[in-house]
Amino acid sequence: MCESILTELFEHKEKIQHYTQLDAKQLNQLYYILLKQFHLFKEDLIIKANWDYAYDLCLNIDLADTPQVALTLELKGLLWTSDKKLKRGLQSKGFNSFFNP
């Protein structure tokens with residue numbers, strides 16, 4: 001995961017709390033457990049070509065997803081997302097490297 005995932009986790013904290021029905025202390029404990037499990041990839045190690053391509057792919061879809069797409073390209077991996085708009089948009093641009101559990 002890219003370092004930017006940390007921002008996403010905290011931006012959506014209220015939404016996560018709402019859906020999980022956890023109180024603030026429980027949610028903090030959950031975040032602690034999750035963060036211990038994450039292996040963060042330094043975004044500045046992603047080559048410029050992958051950043052540029054990811055930006056082009058995410059343009060007109062959701063630029064906030066650029067780091068995750070760039071990392072997927074960098075690692076020649078699969079993108080795990082439940083964001084249907086992102087997935088459809090990327091597929092329409094020829095990107096099909098998705099993980100489907």
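Author: What follows is a short talk about helices, salt bridges and one asparagine in this predicted model.

Reader: Start with the helices. At what angle do the axes of α1 and α2 cross?

Author: Roughly 60°, and the two axes come within 5 Å. Helix α1 covers residues 4-11 and helix α2 covers residues 13-20.

Reader: What do you call that arrangement of α1 to α2?

Author: Oblique. Angles from 65 to 115 degrees would count as roughly perpendicular and those under 35 as roughly parallel, so a crossing of roughly 60° belongs to the rest.

Reader: Which residues make the contact?

Author: On the α1 side, Leu-9, Phe-10 and Glu-11; on the α2 side, Lys-13, Glu-14 and Ile-16.

Reader: And by class, how many are nonpolar, polar or charged?

Author: The contact of α1 with α2 has 3 nonpolar and 3 charged residues, with no polar ones.

Reader: OK, new topic. How many salt bridges are there?

Author: The count comes to 2.

Reader: Which residue does Lys-42 meet in a salt bridge?

Author: Glu-3, with 3.2 Å from N to O. Lys-42 is in the loop between α3 and α4, and Glu-3 is in the segment before α1, so this pair ties together parts 39 residues apart in sequence.

Reader: Where are Asp-52 and Lys-48 relative to each other?

Author: Both are in helix α4, and because they are 4 residues apart there, about one helical turn separates them.

Reader: How exposed is Lys-48?

Author: Lys-48 has a relative accessible area of 60%, so it counts as exposed. Asp-52 has 34% and is partly exposed.

Reader: Last one. Where is Asn-28?

Author: Asn-28 is in helix α3, which runs over residues 24-37. With a relative accessible area of 40%, Asn-28 is partly exposed.

Reader: What separation do the C-alpha atoms of Asn-28 and Asp-83 have?

Author: 25 Å, and along the chain Asn-28 and Asp-83 are 55 residues apart.

Definitions and conventions
Residues are numbered from 1 along each chain as its sequence is written. This is a predicted model: local features need pLDDT of at least 70, side-chain atom pairs count only at pLDDT 80 or more; totals for chains, interfaces and linings use all residues. Side-chain values use heavy atoms; hydrogens and water are left out. Helices (H or I, at least four residues) and strands (E, at least two) are DSSP runs, numbered from the N terminus. Buried means under 20% relative accessible area, exposed over 50%, partly exposed in between (1.4 Å probe, protein chains only). Axes are lines fitted to C-alpha atoms, for helices over the stretch in contact, and angles run from 0 to 180 degrees between N-to-C directions. Angles under 35 degrees count as roughly parallel, over 145 as roughly antiparallel, 65 to 115 as roughly perpendicular and the rest as oblique. Contact means heavy atoms within 4.5 Å. Ala, Val, Leu, Ile, Met, Phe, Trp, Tyr, Cys and Pro count as nonpolar, Asp, Glu, Lys and Arg as charged, and the others, Gly among them, as polar. A salt bridge is a side-chain nitrogen of Lys or Arg within 4 Å of a carboxyl oxygen of Asp or Glu.
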